Amino acid sequence: MWCASCLASACAGCACNLCTSAAASITRRSARLAYCGLFAASLILSFLLRQFAAPLLQQIPWINTFDQTPPEEWFQMNAVLRVSLGNFLFFATFALTMIGVKDQNDQRDAWHHGGWIAKFAVWAVLVILMFFVPNVVVTIYEVLSKFGSGLFLLVQVVMLLDFTNNWNDSWVEKDEKKWEIALLVVTVVCYLSTFAFSGVLFMWFNPSGQDCGLNVFFIVLTIILAFAFAVIALHPQVNGSVMPASIISVYSAYLCYTGLSSEPDDYACNGLHRHSKQVSMSSLVLGMLTTVLSVVYSAVRAGSSTTFLSPPSSPRSGAKNPLLGDSNVEEGKAGGEARPVSYSYTFFHLIFALASMYSGMLLTGWMSVASEKSELMDVGWTTVWVRICTEWSTAALYIWTLVAPLLFPDRDFS
């Protein structure tokens, strides 16, 4: 009955040993990326346990408490959620303990950037301990994860808007013809990709002879939104640019595709149902990669954002600096005086905590696959609506960033 916990211990121990070997080379400036590496390791561990730990979990009496043993898929989902819970507790604890850190004289600043061997050990212990908690704890965490994942998806959208606006501003400020041409090329390519991809979606998810009104609605609305982004951004009273609008359009089309491809394999309007295993696996890998990249970007961007990512006391709030920060700021001293922290440590760890919830939902298909084939991941109507609602939320937030300065002219939205 100790088999599953032993497997989790072995996997976590291997990850911990690998991380520990790199701990000595982690500097203050690379600490943020080290947290990203730890998060990526948790994703790999979750995936491995999902694939191989189900038979072992069935032997643990406090997990298999049922008179009739559930399907293997249930134990796969349970393993993923337990790793996700351990990861969440690790980062949530750091988020709470870092509240109020304002300058680098605070002892918690050194703990945030150092002590990596101890951190890796604590992370491994937390993951292992989660395989000893009763199922009711995991069930409660599952429910909370759906809300936390929604918050993380909203953060992803904010990060995308932040990225596109900064990309556009950096090229516009160069004030050279070649960069203006580059902006035009990127815009044209993005819009052509959006409409061409939408046409492909019509072929894949609106097969002839089938009544696929819902899929047609999703695709047509995506095209309408792409036009709306351009029209609003080019309006004389809106201080917008068409290049960010084109990138948001491509992203919206991608979200529409991920939603439609997550439809059940027996759904007649899913033209990819014959390849559901391959599609679901590719969507899972792409979703995991997107999650890691968005977390990495959120982490490194936290030090240079001019909005809610940096505390008001930060010397970089409102300034444009490299993503990994100024060396003097990161090293903590300049002229013998302590520097204010360059970003909010609490928000930094909160991003990882929410991402832990989201990764758990991603690997379990938002707990909608327990009744479907075990090889399918991120497939089901729950996943479809999560993806589509994320697309609509992205559109709403982007339009809001364009029209908010008009609606509230006395407020500073820069």
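**Aromatic pairs and helix packing**

Reply: Phenylalanine 163 is partly exposed, its relative accessible area being 37%. This is a predicted model.

Me: How many aromatic pairs does the structure hold?
Reply: Rings of Phe, Tyr and Trp pair if their centres lie within 6.5 Å. The total of aromatic pairs in the structure is 31.

Me: Are the rings of phenylalanine 163 and tryptophan 167 stacked, edge-to-face or tilted?
Reply: The ring centres of phenylalanine 163 and tryptophan 167 are 5.7 Å apart, and the planes meet at 45°. Planes under 30 degrees apart count as stacked and over 60 as edge-to-face. The angle of 45° therefore makes the pair of phenylalanine 163 and tryptophan 167 tilted.

Me: Which helix holds both phenylalanine 163 and tryptophan 167?
Reply: Tryptophan 167 is partly exposed, with a relative accessible area of 25%. Phenylalanine 163 and tryptophan 167 are four residues apart, about one turn of the helix, and both lie in helix H7.

Me: What kind of pair do phenylalanine 218 and tryptophan 385 form?
Reply: The ring centres of phenylalanine 218 and tryptophan 385 are 5.4 Å apart, with the planes at 85°. Planes over 60 degrees apart count as edge-to-face. The pair of phenylalanine 218 and tryptophan 385 is therefore edge-to-face.

Me: How many residues apart in sequence are the parts that phenylalanine 218 and tryptophan 385 tie together?
Reply: Phenylalanine 218 lies in helix H9 (residues 213-233), whereas tryptophan 385 lies in helix H14 (residues 381-407). The pair therefore ties together parts whose separation in sequence is 167 residues.

Me: At what distance from the ring centre of tryptophan 116 does lysine 119 lie?
Reply: Tryptophan 111 and tryptophan 116 belong to one aromatic cluster, with Tyr35 and Phe39 among the other members. Lysine 119 lies over the face of tryptophan 111, at 5.4 Å from the ring centre. Lysine 119 also lies over the face of tryptophan 116, where the distance from the ring centre is 4.1 Å.

Me: Is H8 roughly parallel or antiparallel to H9?
Reply: Helix H8 (residues 177-205) and H9 pack with their axes 10 Å apart, at an angle of about 170°. Angles over 145 degrees count as roughly antiparallel. H8 is therefore, relative to H9, roughly antiparallel.

Me: How many nonpolar residues are in the contact of H8 with H9?
Reply: The contact includes Tyr191 and Phe195 of H8 and Val216 and Ile219 of H9. The residues of the contact include three polar and no charged, and the nonpolar ones number 13.

Definitions and conventions: Residues are numbered from 1 along each chain as its sequence is written. This is a predicted model: local features need pLDDT of at least 70, side-chain atom pairs count only at pLDDT 80 or more; totals for chains, interfaces and linings use all residues. Side-chain values use heavy atoms; hydrogens and water are left out. Rings of Phe, Tyr and Trp (its six-membered ring) pair if their centres lie within 6.5 Å; planes under 30 degrees apart count as stacked, over 60 as edge-to-face and the rest as tilted. Helices (H or I, at least four residues) and strands (E, at least two) are DSSP runs, numbered from the N terminus. Buried means under 20% relative accessible area, exposed over 50%, partly exposed in between (1.4 Å probe, protein chains only). A charge sits over a ring if NZ of Lys or CZ of Arg is within 6 Å of the ring centre and within 35 degrees of the ring normal. Axes are lines fitted to C-alpha atoms, for helices over the stretch in contact, and angles run from 0 to 180 degrees between N-to-C directions. Angles under 35 degrees count as roughly parallel, over 145 as roughly antiparallel, 65 to 115 as roughly perpendicular and the rest as oblique. Contact means heavy atoms within 4.5 Å. Ala, Val, Leu, Ile, Met, Phe, Trp, Tyr, Cys and Pro count as nonpolar, Asp, Glu, Lys and Arg as charged, and the others, Gly among them, as polar.
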